[in-house]
Amino acid sequence: MSKRKFGVSTHLYHGQRLSRDHLLEIAAHGFEAVEVFATRTHFDYHSPAAVGDLRQWLAEAGLDLHGIHAPVAERFVGGRWGPGLSLASADAAARARASAEAEAALHVARRIPMSVIVAHLGLPRTQQPSPADNNRAAARRSVDALQQAATPLGVRVAVEVIPNELSRAASLVHFVEEDLEESDAGICLDFGHANMDGDLVDAIEIVSGHLIATHVHDNRGKTDDHLVPFEGTIDWAAALTAVQKVGYDGTLLLELAAHGSPKETLKKAQSARARMERLLGPE
């Protein structure tokens, strides 16, 4: 059986304040790691007390902190996003605000070891961004600065495949190779986003030289549903074969939405993990 590590994003509980019970619930379903979604209404990364609690809860649950998802909005309440935070904003004040929030989330690594901070370049198409929200030169300045802050902490910035022109798989490879050539930043392949954009297997192969993190979830190709694997249209046998072919052996991090209760979703995720392990085979 595969020995690959599987984790779960606290995106599963995004509408709630993160608690000890959430992490214990993730661990109880057999997962080894978490990625914390840094929205202040979910997890107040500015609060030393909240970071201290997180460290204690992780220890009690026996979970590793795989990484932090950099803030993408000021809040998430009642299923609604607050004002967006764009690291690619051409507006200097807006970019500075987004960068400051991302760096504040990164500073969790001063107290809790982690591998990556996942960052969006700009806003997704669903938020109807203006060109000024998704400016490539602004994105380069933000990611450069964030990686400089991350390197002494042993953390890498992973720019995520999301539904906008800056962040398609091929666009991110070009960004990392041309705009960040002296940087240690890499790419987070979001399976669901890549599926919505076309060919997931092709995306895996395109980003393979820079792949350092994953967001694993399913959809039916139209909307970003964050379904448990095998509940949408992704061909998981082909996708996992591609993951092995390109040599990615890092954590497969499930970024799920709660369709039903989080506990029901985790139970389905546990079964999906077993199917994925069978497809991956022994290592």
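Ser-142 is buried, as its relative accessible area is 2% (buried is under 20%, exposed over 50%, partly exposed in between, with a 1.4 Å probe and protein chains only). The exercises concern a predicted model, in which local features need pLDDT of at least 70 and side-chain atom pairs count only at pLDDT 80 or more, whereas totals for chains, interfaces and linings use all residues. Residues are numbered from 1 along each chain as its sequence is written, and side-chain values use heavy atoms, with hydrogens and water left out.

## Exercise 1

Describe the surroundings of Ser-142.

**Solution.** Step 1: locate the residue. Ser-142 belongs to helix H4, residues 136-150 (helices are DSSP runs of H or I with at least four residues, strands are runs of E with at least two, and both are numbered from the N terminus).

Step 1: list the contacts, meaning heavy atoms within 4.5 Å. With residues up to four places away in sequence not counted, Ser-142 touches Leu-87, Arg-95 and Ser-99.

Step 2: examine the side chains. Those of Ser-142 and Arg-95 are joined by a polar contact of 3.1 Å (a pair of N or O atoms within 3.5 Å; within protein, one must be able to donate a hydrogen and the other to accept it, and residues adjacent in sequence count only if both atoms are side-chain atoms).

## Exercise 2

Characterise the salt bridge between Arg-156 and Asp-184, then that between Arg-168 and Glu-165.

**Solution.** Step 1: apply the criterion, a side-chain nitrogen of Lys or Arg within 4 Å of a carboxyl oxygen of Asp or Glu. The whole structure holds 14 salt bridges.

Step 1: take Arg-156 and Asp-184, whose closest N and O atoms are 3.4 Å apart. This pair links distant parts of the chain, 28 residues apart: Arg-156 is in strand S7 (residues 156-160), and Asp-184 is in the loop between helix H5 (169-179) and strand S8 (186-190). Arg-156 is partly exposed at 30%, and Asp-184 is partly exposed at 41%.

Step 2: take Arg-168 and Glu-165, which meet at 3.8 Å, N to O. Salt bridges with shared partners join Arg-125, Glu-165, Arg-168 and Asp-197 into one network. Arg-168 is partly exposed because its relative accessibility is 33%, whereas Glu-165 is exposed because its value is 52%.

## Exercise 3

Identify the residues that touch the most other members of the largest nonpolar core.

**Solution.** Step 1: define the set as buried Ala, Val, Leu, Ile, Met, Phe, Trp, Tyr and Cys residues joined through side-chain atoms within 4.5 Å.

Step 1: inspect the 81 residues of the largest core. Leu-23, Ile-26, Phe-43, Val-157, Val-159, Leu-189 and Phe-191 touch the most other members. Helix H2 (residues 48-61) supplies the largest share of this core, six residues.

Step 2: turn to the separate second core. This core has six residues, including Val-116, Val-118, Ile-212 and Ala-213.

## Exercise 4

Determine the polar partner of the Asp-179 side chain.

Step 1: list its contacts beyond four places in sequence. These are Arg-136, Arg-140, Asp-144 and His-174.

Step 2: select the polar partner. The side chain of Asp-179 makes a polar contact of 2.3 Å with the side chain of Arg-136.
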